[in-house]
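Welcome, and thanks for taking a look at this one. Below is a short tour in a few stops, meant to be read with the structure open beside you.

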Amino acid sequence: MGVAIPAGTYDLTPEHADLLLKTYTEGAAAAMGHNLTLRVGSWSATVDVGASAAESHLLVTADLTSIEVIGGSGGATPLTASNKRDICKNAAKSLGSATHPQLTFTSTGLSGNWADAVVSGELTAHGQTHPVQLVLDEPEPGTARLHGSIVQSDFGIKPFSTMLGTLRLRDAVDVEVEVAFSD
């Protein structure tokens, strides 16, 4: 099957979809921490859709100072508003968002079709640019999902840790955005 997206240029923002970051704890004290779902509150994407996925292009820009905690699982205690504020402060410190507030992704190629493609591109974060690959798929008819993992240390970002390193975030952060296309 495949998402039927008419050729053209589409501008996407948080009004159209959530840009989510998912983090996971590891280490001897991992059970004390929360696996988190974070939402980037300010982002934009321009999708130039060609006659096929291979003829298409994607540019995403995200403001890393707009990250908010929208959910968490695990942990020794439930997440509180105070915890969420602390998490956002720690994320800003780890990401260096005071000096590197913007993340960008520019596609360099798409292989496959709209229902199952690999999107290759250049990701710039923390002042460094490196190639990454994301997956474009169709979790249900009429919906396109772009997702994958970004390894923080590849960009000079040290994952958050506490308790002498016995509780830390996994180096790979999952990224996901899902957009519904209606007829």
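This is a predicted model: local features need pLDDT of at least 70, side-chain atom pairs count only at pLDDT 80 or more; totals for chains, interfaces and linings use all residues.

**Positive phi angles**
- Most residues other than glycine have a negative phi.
- His126 is not a glycine, yet its phi is positive, at about 55°.
- You will find His126 in the loop that links β9 (116-125) with β10 (128-137).
- Met163, also not a glycine, has a positive phi of about 55°.
- Met163 sits in the loop between β12 (161-162) and β13 (167-169).
- With 40% relative accessibility, Met163 counts as partly exposed.

**A three-stranded sheet**
- β3, β13 and β12 form an open sheet in the order β3-β13-β12, with antiparallel pairing.
- β3 (25-26) and β12 are the edge strands, and each of them pairs on one side only.
- β3 and β13 run antiparallel and are joined by two bridges.
- Across this pair, Thr25 stands opposite Leu169 of β13.

**The nonpolar core**
- In soluble globular proteins, nonpolar side chains tend to be buried together.
- The largest nonpolar core here has 41 residues, and Trp43, Phe105 and Leu136 touch the most other members.
- Leaving aside neighbours within four places in sequence, Phe105 contacts residues including Leu58, Leu59 and Val60.
- Also among the contacts of Phe105, with those neighbours again left aside, are Val119, Ser120, Gly121, Glu122 and Leu123, as well as Val132 and Leu134.

Definitions and conventions: Residues are numbered from 1 along each chain as its sequence is written. Side-chain values use heavy atoms; hydrogens and water are left out. A nonpolar core is a set of buried Ala, Val, Leu, Ile, Met, Phe, Trp, Tyr and Cys residues joined through side-chain atoms within 4.5 Å. Buried means under 20% relative accessible area, exposed over 50%, partly exposed in between (1.4 Å probe, protein chains only). Contact means heavy atoms within 4.5 Å. Helices (H or I, at least four residues) and strands (E, at least two) are DSSP runs, numbered from the N terminus. Two strands pair if DSSP finds at least two bridges between them.
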